[in-house]
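This briefing goes through one model by topic. Look at the sequence and the structure first, then read the points below.

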Amino acid sequence: MLLISCPWCRVERPEIEFRYGGEAHIDRPAQPADLDDHQWAEFLYMRSNPKGLLAERWRHVHGCGRFFNAVRHTVSDRFVCVYKTGEKCPDLEALAREGAQ
Amino acid sequence: MPDTALYAPATTQGASVVSRPDVTVTRAAPLARLAFRGDATAAGKAGAAFGASLPMAPLAANPVGQRAALWLGPDEWLLLAASGTVGEEVPWALARTLCDEIATAVGTHPHALVDVSERNVALIVSGPRAAALLNTQVFLDLDEGAFPVGQVTRTLFTKAEIVLWRTGPDTFVVECWRSFAPYVEGLLANG
């Protein structure tokens with residue numbers, strides 16, 4: 001069973017309590033009306049999809065109900081760290097170097 | 001029985017769901033239940049009016065006599081209140097009064113307050129094997145070190161969402177939605 005820690009509840013909980021919310025730190029354009037279709041499609045659909053560490057949104061839907069962000073390795077499924085929404089994205093390259101050592 | 005004045009076994013027929021020497025599951029008498037959402041300021045005002053302050057620490061419960069405020073999320077609480085007389089009916093007058101008093105106390109500060117008295121039913125799971133019975137469907141570590149007395153959390157009971165509150169070393173309260181109750185009771189009876 002994959003355990004995910006929730007930064008709001010401050011406990012580890014089974015994966016079944018959580019829902020995946022896609023890639024984190026994607027800002028909605030300030031003026032959507034100024035965008036053409038191509039730019040809008042870039043915002044809506046295009047994601048980084050890396051083989052490695054990715055900052056993602058997760059929601060503790062069957063717990064506190066809150067969204068938070070997590071850095072997960074997309075190959076090993078290992079959660080490197082979790083942090084609350086609104087907090088700064090950690091340096092993924094530095095985390096990857098730490099993980100490699 | 002739970003170590004809180006809040007929950008009393010229901011007096012209705014069929015209230016005893018499981019009755020074994022080492023574990024019992026009993027339906028609890030109806031309570032007034034309120035769902036409250038708001039920030040810390042709103043929670044402070046609501047707690048003063050409710051009679052039990054709303055805990056700010058994660059997974060905490062604050063039972064005070066026949067009132068209890070349960071932390072569900074950083075801006076969400078479940079408020080429970082008993083009227084003192086065990087009946088088969090939800091204590092509507094109490095629910096109405098509490099709603100009015102909390103709404104007045106919080107005033108225009110942004111918040112949400114909903115009477116959910118009829119949404120939930122509670123099951124009292126008690127006995128030396130209470131944790132083992134719950135662990136047939138609840139995927140949490142219910143050892144007292146990991147889930148101490150007083151801790152409350154929303155979690156999953158197989159497919160049904162529940163609020164699980166440890167009110168004593170061998171006593172848990174399962175708050176589940178009324179429509180999920182036959183499912184939860186059935187799995188506990190067969191667990």
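A residue is called buried if 20 or more other C-beta atoms lie within 10 Å of its own, exposed if 12 or fewer do, and partly exposed in between, with C-beta atoms placed from the backbone. Q137(B) is partly exposed, because 18 other C-beta atoms lie within 10 Å. The model is predicted: local features need pLDDT of at least 70, side-chain atom pairs count only at pLDDT 80 or more, and totals for chains, interfaces and linings use all residues. Residues are numbered from 1 along each chain as its sequence is written, and chains are lettered from A and ligands numbered from 1 in the order in which they are written.

**Chain A: overview**

- Chain A has 2 helices and 6 strands; helices (H or I, at least four residues) and strands (E, at least two) are DSSP runs, numbered from the N terminus.
- Along the sequence these elements follow the pattern β-β-β-α-β-β-β-α.
- The C-alpha trace of chain A spans about 45 × 35 × 20 Å along its principal axes.
- Chain A has 101 residues, of which 19% count as buried.
- Two residues are in contact if their C-beta atoms, placed from the backbone, lie within 7 Å. Among contacts in chain A between residues at least 6 apart in sequence, 52% join residues at least 24 apart.

**Chain A: sheet and helix**

- Four strands of chain A form an open sheet in the order β3-β4-β5-β6, with antiparallel pairing; two strands pair if DSSP finds at least two bridges between them.
- The edge strands of chain A are β3 (19-23) and β6 (79-84), each of which pairs on one side only.
- From one strand to the next, the twist averages 30°. Axes here are lines fitted to C-alpha atoms, for helices over the stretch in contact, and angles run from 0 to 180 degrees between N-to-C directions.
- In chain A, β4 (residues 53-59) and β5 (residues 67-73) are joined in the antiparallel sense over 7 bridges. L54(A) has R72(A) in β5(A) as its bridge partner.
- Helix α2 (residues 92-100) of chain A lies across β4, β5 and β6 of chain A and runs at about 110° to β4(A).

- Chain B has an open sheet of 5 strands in the order β4-β5-β6-β3-β7, with antiparallel pairing.
- At the edges of this sheet, β4 and β7 of chain B each have a single partner strand, so one side of each is left without a neighbour in the sheet.
- Neighbouring strands of the sheet are turned by 15° against each other on average, direction ignored.
- β5(B) and β6(B) pair in the antiparallel sense over 6 bridges, and L70(B) stands opposite L78(B) in β6(B).
- α1(B) packs on the sheet, where it touches β3, β5, β6 and β7 of chain B, and its direction makes about 155° with that of β3(B).
- The buried residues in α1(B) are A42(B), A43(B), A46(B), G47(B) and F50(B). Seen down the axis of α1(B), they fall within an arc of 130°, so they line one face of the helix; the arc is that of the directions from the helix axis to the C-beta atoms.
- Just after α1(B), G51(B) takes a positive phi of about 100°.

**Core and chain contact**

- The largest nonpolar core has 71 residues, and those with the most contacts inside it are L70(B), W77(B), L79(B), V125(B) and V174(B). Such a core is a set of buried Ala, Val, Leu, Ile, Met, Phe, Trp, Tyr and Cys residues joined through C-beta atoms within 7 Å.
- Neighbours within four places in sequence aside, the contacts of W77(B) include F36(B), A43(B), L54(B) and A69(B).
- The contact between the chains takes 12 residues from chain B and 13 residues from chain A.
- β9(B) gives the most to the side of chain B that touches chain A, with 4 residues.

**Individual loop residues**

- H25(A), in the loop between β3 and α1 (37-45) of chain A, has a positive phi near 60° and is not a glycine. H25(A) is exposed, because 10 other C-beta atoms lie within 10 Å.
- L59(B) also has a positive phi of about 60° although it is not a glycine. L59(B) counts as buried, because 21 C-beta neighbours lie inside 10 Å.
- Q137(B) lies in the loop between α3 (130-134) and β9 of chain B.
- The C-alpha atoms of Q137(B) and V184(B), 47 residues apart along the chain, are separated by 9.1 Å.
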